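Hi,

Here is the structure I promised to pass on to you. Have a look at it first, and then read on for my notes.

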Amino acid sequence: MVAQLTRAERQFALLTLGLLALCGLLMAAGANDDLFALHGGLILAFAVGLGFLVISGLDAPEPADGRLAEYYDDPSRVAIVLTMGWALFGLAVGDWVAWMLAYPQLTFDAAWASFGRIRPIHTTGVIFGFGGNALIATSFHVVQRTCRTRLAGQFSPWFVLLGYNLFCLLAVSGYPLGITQSKEYAEPEWYVDLWLCIVWVTYLVLYIRTLARRREPHIYVANWYYLAFIIVVAMLHIVNNIAVPVAWNHARAYSAFGGVQDAMTQWWYGHNAVAFFLTAGFLGMMYYYLPVRAQRPIFSYRMSIISFWGITFMYMWAGSHHLHYTALPHWVQTLGMTFSLILLVPSWGSAANALLTLNGAWHRVRDDATLRFMMVAAIFYGLTTFEGSFMAIRAVNSLSHYTDWTVGHVHAGALGWVALISFGALYSLTPALWGRARMHSAWAVEAHFWLALAGTLIYVFSMWNSGVIQGLMWRTYDAGGTLAYPFIDTVVAMHPYYIARAVGGALFLSGAAIGAWNVWMTIRGPAAASQPAVDDRPLTVLAGE
Amino acid sequence: MSGGAERDPLTGHMTTGHEWNGIKELNTPVPRIVWFFLITTFLFSLFWWVLMPAWPLGHTYTKGLMGIDQRQMVADDLRRAAEKAPPWRAEVIRLDYADMQADPVLMEQVRRHGAVLFGDNCAACHGPGGTGGPGFPALAAGAWLWGGAPEVLAETIRVGINSDHPDTRVSQMPAFGRDQMLTRAELQTLSGYVVALSALEMPIEVAQGNGYALFAANCAACHGEDARGMVETGAPNLTDNVWIYGGDGETIFTTLFYGRQGHMPRWDQRLSDLDRKVLTLYVADMAEGGHGDR
């Protein structure tokens, strides 16, 4: 890591870490709030720990100049390891929460382990920890390959990756202590948000500078999506998290928005986090690893264009479908519903573009579990976007809203689409980055695939059942004009489905554990006999035109 | 780099001529069905925008040809539901408790509606079926603190106990130990005495000794000379086997030492007159067959 940096870059890294440590120290020493002090201490420890790493390599010889003619893959390698670590952590906590819903005594009577605190650890762990690291790992890899240029920075990729993981760490360590601003998928408090803001803008600048250095005349589709992901997430994050802290040395802040405006801002953020974090970024992933693995050209460049702009434009309007039948004015709901319906077309366009790309490569889908991961992910993407548009219809929403159907829908997307495409990409990327011929165990990839698919199906089907039953029980009147069921009856009716869901989650988790083992063994395994392709390096001169 | 467009032998379509690290793209035209659905969904949206409230116009918005507004829809729904209200609801409002209890057909309906109301509003503390739990009285036992007549139950439900209602029922068991009204030894004697009271179900005069003097001096004012409780103070009967916090010596000692002050919310702002009446009947009905005798 450190040896790849020049001496000046090492000193700059040390300076940055020093500033970070100083911030942590100030927070810890000046806090008038124990939790704030604790987080200050965590930041200090993080900075000092990395500081030791840099200092230990400070006097290493200067790196060879030849490195600038190679791709810069060290950050991606570290990101892959972090991705698998966060996957195991986030999925394990998720399965704990799932069992807790079936057996509430699993909170062990501890405040920190109550459902409301554990659940965001799960969501942040999987979305930002697992998903975010997978996106950073692949985006760094893809942008270099498709631009035929090295990342436009030596230190900044590390700053982005490690800074982002510090954000994740601060987030999940805060929830059990009760540090939250209670906005779904935006729980971290103001100082953590500010930190992410700095990290994310660095990511954006790094990405744009790399694109600007490209040695290819055109920007590949995958990069459109990655760039949309980075830009829009920056915008969403900044707007939704505008807040006024109680004091500079206190963890609590109050949102700039209130009432229905707050709800609308939150769901504009929430739905576009799904759109641009969990969709656009992973479409970028799909557009690179799927055609490479299938060894087929993308089905249609024109479909890529229609789908990209359709998704980018239409998603922005759809957030209000989370607030049907609320205090939100009716007209906002109408717009949210109609744009959600139009959105189905570009979404299916993307899914179809992926699946039609596989024409001529279906024998590879059959034989190669890695490609099958990506194929099934595209199918789940299509299913989930259809379901999403369907649930955005007001009348449907009156049944589905607040029920487990929503939970099932989210997990069809999160497990079936996001996680499967990520695993497919990681199984392509890991051997490539470490110069291995293939993954350590093809059998393990196969086992992971079937466990993940079975787990997802069990999860989604049990939540469909429980959600629809729940929705119907809530609205059933008897002949005397009285609601037929007290709420507790619906809870009792959910119980078997909650057990089924937790079993599905356990299958998915065990698949990921096999995957993590396989990635680890691949990293530690022997290098491939044949050298990697000689053209896997940046172009030094502008070719052709 | 691009070697110009070429024909894909499998599909027969041309590539765009771009290439990124081996990835090529076909220049396949967008399938007609995509255009069809794009146009269809857009036309539907257009149609829907004309019918429904849809686009903002500064301080107002397009109201839509259907004249629909969700607030109005809720108001209309509620009005229609009130118009279509089944006859039993009017009966509940009109009749008094004794008449209703004498009408088995009406009581059938009350039980059904009452079960849902009780499940959604009362069961969280009093338990499903009114079995109670530590700190929350078992309603099914019929051991009423404030009286079990329907009118009295209705008042308890309306104003609550130690609530913020101006007419709330108020009761407090003092902290005899913490506030140093009695010594630890006296409290131990007293808790033994209270245990004996219920264990033996004996007449109070028989349970003589040290405990009796302490009881008469400190407890009888609220719990009554006979220890059978008083509805005026909401103090429970100590001679039966129904306990709110627990009837073992240790728990009774804790109760004596730290005192108790239960809380029941007022329901006058949460439930309609009709619903409270139904609940009253439901709770009174629930306790029937229990050993409540007042």
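**Around Gly64(B)**

Leaving aside neighbours within four places in sequence, Gly64(B) is in contact with Val50(B), Leu51(B), Met52(B), Pro53(B) and Ala54(B). Please keep in mind that this is a predicted model. Gly64(B) sits in the loop that runs between strand S4 (60-61) and helix H2 (70-83) of chain B. Because 19 C-beta neighbours lie inside 10 Å, Gly64(B) counts as partly exposed; buried would take 20 or more. From Gly64(B) to Asn162(B) there are 98 residues in sequence, and the C-alpha to C-alpha distance is 51 Å.

**Where the chains meet**

Between the two chains, 48 residues of chain B are in contact with 41 residues of chain A. On the chain B side, at least two residues each come from strand S1 (15-20), strand S2 (23-26), helix H1 (32-51) and helix H5 (104-121). H1(B) gives the largest share of that side, with nine residues. By type, the chain B side holds 27 nonpolar, 15 polar and six charged residues.

**Two domains in chain A**

Chain A is divided into domain 1 (1-65) and domain 2 (73-395), and their centres, taken over C-alpha atoms, are 28 Å apart. The contact between them involves 17 residues of domain 1 and 15 residues of domain 2. On the domain 1 side, helix H1 (7-30) and helix H2 (34-56) of chain A each supply at least two residues, and H2(A) has the largest share, six residues. That side divides into 10 nonpolar, five polar and two charged residues.

Conventions:
Residues are numbered from 1 along each chain as its sequence is written. Chains are lettered from A and ligands numbered from 1 in the order in which they are written. This is a predicted model: local features need pLDDT of at least 70, side-chain atom pairs count only at pLDDT 80 or more; totals for chains, interfaces and linings use all residues. Two residues are in contact if their C-beta atoms, placed from the backbone, lie within 7 Å. Helices (H or I, at least four residues) and strands (E, at least two) are DSSP runs, numbered from the N terminus. Ala, Val, Leu, Ile, Met, Phe, Trp, Tyr, Cys and Pro count as nonpolar, Asp, Glu, Lys and Arg as charged, and the others, Gly among them, as polar. A residue is buried if 20 or more other C-beta atoms lie within 10 Å of its own, exposed if 12 or fewer, and partly exposed in between; C-beta atoms are placed from the backbone. Domain bounds come from an automatic or database domain assignment.
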